[in-house]
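Please read them with the coordinates open.

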Amino acid sequence: MRLENKVAIITGAAAGIGEAAVELFVREGAKVVVADRNMDKARAVAAAHPDEAIAVEVDVASGDSVKAMVDAALARFGRIDILANNAGYGIPGTVVSTEEDDWDALMAVNLKGVYLCCKHAIPVMVAQGGGAIVNTASNVATVGIFDRAAYVASKGGVAALTKAMALDHAKENIRVNCVAPGVTRSTYFDKMIAEHPDPKPFVAALEARAPVNRMARPVEIAQAILWLASDEASFATGAMFTVDGGMTAW
């Protein structure tokens, strides 16, 4: 029960890594706010744990929406001990081929969303004596990949913002870390695979990115988020925990 008596907000919690994190957090004793734009899926995830979880609709790119999410967490559970900023998505494109509106929309979710959630949750944590924040970055924050310029830039920003916040709030007993997943078999990649004209070699290419020759399962990334959120990581702040099957070790 590593999170006993803790209250956590997890964004992007209706599927993939976020959903896996909800399951782990509840199992470890936490009360969880399942925050997502897709309320049908968020409700389904929360419904599996009616005493421990609530579903809250949130657009992390909107300050008003994020504030309402934080207010809902406080109204239901009375405190916020953990914030897992997991909401995000990717789009293909170089800086030349990426449209300006698409760039702005992605940055609003992937990077501004982290800023907004922290902006509204950190004062709550300060008032109650501390907390833990875990941001979902990516291993591409350090190595880059082809044809994903906006995504790479946004995740590099998340990694850098994590370090800045860790320094700013260490004296307030707030730890800020990020997890850096590699290719993870989630709804995002499932959609890409389903839409690919030749799925089998495409999947093989995705798996071959890592020395372990497979994609991660969402729960494998969620386990890292759990550890960083727990008191077991009490001396970890400003860190990027890479979980990518060795991709960045090539």
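1. Arg 2 first, since its surroundings bear on the pairing described below. The model is a predicted one. In this model Arg 2 is partly exposed, and its relative accessible area is 30%.

2. Which residue forms a salt bridge with Arg 2? The partner is Glu 28, and the closest N and O atoms of the pair are 3.4 Å apart.

3. Is Glu 28 buried or exposed? With a relative accessibility of 15%, Glu 28 counts as buried, because the cut-off for buried is under 20% relative accessible area.

4. A second pair is found in helix 2 (residues 39-47), where Asp 40 and Arg 43 are 3 residues apart, a separation of about one helical turn. Asp 40 forms a salt bridge with Arg 43, with 3.8 Å between the closest N and O atoms. This pair meets the criterion because a salt bridge requires the nitrogen to be within 4 Å of the carboxyl oxygen.

5. Asp 40 is exposed, having a relative accessible area of 60%. Arg 43 has a value of 47% and is partly exposed.

6. Glu 220 and Arg 214 also meet through their side chains, in a salt bridge of 2.8 Å from N to O. Glu 220 is partly exposed at 22% relative accessible area, and Arg 214 is partly exposed at 39%. Elsewhere, salt bridges that share partners join Arg 2, Glu 28 and Glu 232 into one network.

7. How many salt bridges does the structure hold? The count is 11. The pairs discussed here, including Glu 28 with Arg 2 and Asp 40 with Arg 43, are examples from that set.

8. There is also a negative surface patch, formed by Glu 99, Glu 100, Asp 101, Asp 102 and Asp 104. One of these residues, Asp 102, is placed in helix 4 (residues 100-110). Asp 102 is partly exposed, with a relative accessible area of 41%.

Terms used:
Residues numbered from 1 in each chain as written. Predicted model: local features only at pLDDT ≥ 70, side-chain atom pairs only at ≥ 80, totals over all residues. Heavy atoms only, no water. Buried < 20%, exposed > 50% of the residue type's maximum accessible area, 1.4 Å probe, protein only. Helix = DSSP H or I, 4+ residues; strand = E, 2+ residues; numbered from the N terminus. Patch = residues over 30% accessible without salt bridge, like charges linked within 9 Å, V, L, I, M, F, W, Y side chains within 5 Å. Areas by Shrake-Rupley, 256 points an atom, 1.4 Å probe, with all protein chains shown as cover. Lys, Arg positive; Asp, Glu negative; His and termini not counted. Charge placed at Lys NZ, Arg CZ, Asp CG, Glu CD.
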